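Here is a short report on side-chain contacts and a surface patch. Look at the sequence and the structure first, then read on.

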Amino acid sequence: MAGFHVIAGASETLAHPNVRKIGVADLIDALHKGFDDFWEKPSHYVFLCLIYPLVGVVLAAWTSGNNALPLLFPLMSGFALLGPFAAIGLYEISRRREAGLDSSWWHALEVKDSPALPSIAAVGIFLLAIFVAWLLAAQAIYQWYFGASAPESLGSFISDVLGTQRGWMLIIVGNLVGFVFAVVVLATTVIAFPILLDRDIGAYDAIYTSAKAVIANPVTMAIWGLIVAALLVIGSIPLFAGLAVVIPILGHATWHLYRKVVEPPAHAGQ
């Protein structure tokens, strides 16, 4: 059944791949290998990822022009929640390079031919739902402290947020709630898309294996999450342009993180 295939994969059984314990050295090595993948043909990868910073600028302009300023930060920080899905073409490039296949940039588009595409789409919809939930939560938090009326101007908005007690409460509570959403995304999708490209195990098992990897390596995965967050912040300055480099490096590194944390199938070599 097609529906069950999305849940359990091509074998129509739940595979539950085994996961390994990893350390900080493995994270550093994954980043190093990710940079190597990026450096192989950097212009192609920057071209592929220009959409990310461009969308960031468009979102900033849209919120500024439509009195939706309170959603500017939630949109930009929440957009990073979609990063695991946005980088899926980069996982494919790393997979092909690791296998000794041609890793030209157009092969990133071959994800559309993956037998796991329905499962990939299902996890993508799951991420989109989390993104929408975060925006609704952020809007509710803002209205709790400032009411439903829009800010009069960008200057007054910044002044209200940074210069008042309720503004600082908005920052603190908003970031705490955002942190919860980020943890959920990290725990459920940190290696979900790479494993689906590598093995058609179904959306449920991909999310389950990601959660199992985080539970088995809570400190290491927390450090990984901090590394990702820090690099995304750095890449966002100025005008999100740095994301055109940061996103592909993190995307490639995530593939290598998957290789380190998930054991290969019993019939596969090491």
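Rings of Phe, Tyr and Trp (for Trp, the six-membered ring) pair if their centres lie within 6.5 Å; planes under 30 degrees apart count as stacked, over 60 as edge-to-face, and the rest as tilted. Ring pairs of this kind link Phe35, Phe38 and Trp39 into a cluster.

This is a predicted model, in which local features need pLDDT of at least 70 and side-chain atom pairs count only at pLDDT 80 or more, while totals for chains, interfaces and linings use all residues. Residues are numbered from 1 along each chain as its sequence is written, and side-chain values use heavy atoms, with hydrogens and water left out.

**Aromatic pairs**

The count by the ring rule comes to 8 aromatic pairs. Tyr204 and Tyr208 make a stacked pair, because their ring centres are 6.1 Å apart and their planes stand at 25°. Both residues lie in helix H12 (residues 203-216). They are 4 residues apart, about one turn of the helix. Helices (H or I, at least four residues) are DSSP runs, numbered from the N terminus.

Tyr204 is partly exposed at 43%. Tyr208 is partly exposed at 32%.

**Salt bridges**

Side chains of opposite charge can pair when their charged atoms come close. A salt bridge is a side-chain nitrogen of Lys or Arg within 4 Å of a carboxyl oxygen of Asp or Glu. How many salt bridges does the structure hold? There are 11.

| Salt bridge | N to O distance |
|---|---|
| Asp26 and Lys260 | 3.9 Å |
| Lys260 and Asp29 | 2.7 Å |
| Arg259 and Asp198 | 3.0 Å |

The salt bridge between Asp26 and Lys260 links distant parts of the chain: Asp26 is in helix H2 (residues 24-40), Lys260 is in helix H14 (residues 243-261), and 234 residues separate them. Asp26 counts as partly exposed, because its relative accessibility is 25%. Lys260 is buried, with a relative accessible area of 16%.

Lys260 also meets Asp29 in a salt bridge. Here too the pair links distant parts of the chain, with Lys260 in helix H14 and Asp29 in helix H2, 231 residues apart. Asp29 is partly exposed at 26%.

Arg259 pairs with Asp198. That pair links distant parts of the chain as well: Arg259 is in helix H14, Asp198 is in helix H11 (residues 192-198), and they are 61 residues apart. Arg259 is partly exposed at 31%, and Asp198 is partly exposed at 27%. Salt bridges that share partners join Asp26, Asp29, Lys33 and Lys260 into one network.

**A nonpolar patch**

Patches are made of residues with over 30% relative accessible area and no salt bridge; like charges are joined within 9 Å, and nonpolar side chains (Val, Leu, Ile, Met, Phe, Trp, Tyr) within 5 Å. Accessible areas come from the Shrake-Rupley method with a 1.4 Å probe; for residues, only the protein chains shown count as cover.

Which residues make the nonpolar surface patch? Leu154, Ile158, Leu162 and Trp168 do, over about 410 Å². Helix H9 (residues 154-163) gives the most to this patch, with 3 residues. Ile158 is found in helix H9. Ile158 counts as partly exposed, because its relative accessibility is 41%.

Definitions and conventions
Helix = DSSP H or I, 4+ residues; strand = E, 2+ residues; numbered from the N terminus. Buried < 20%, exposed > 50% of the residue type's maximum accessible area, 1.4 Å probe, protein only.
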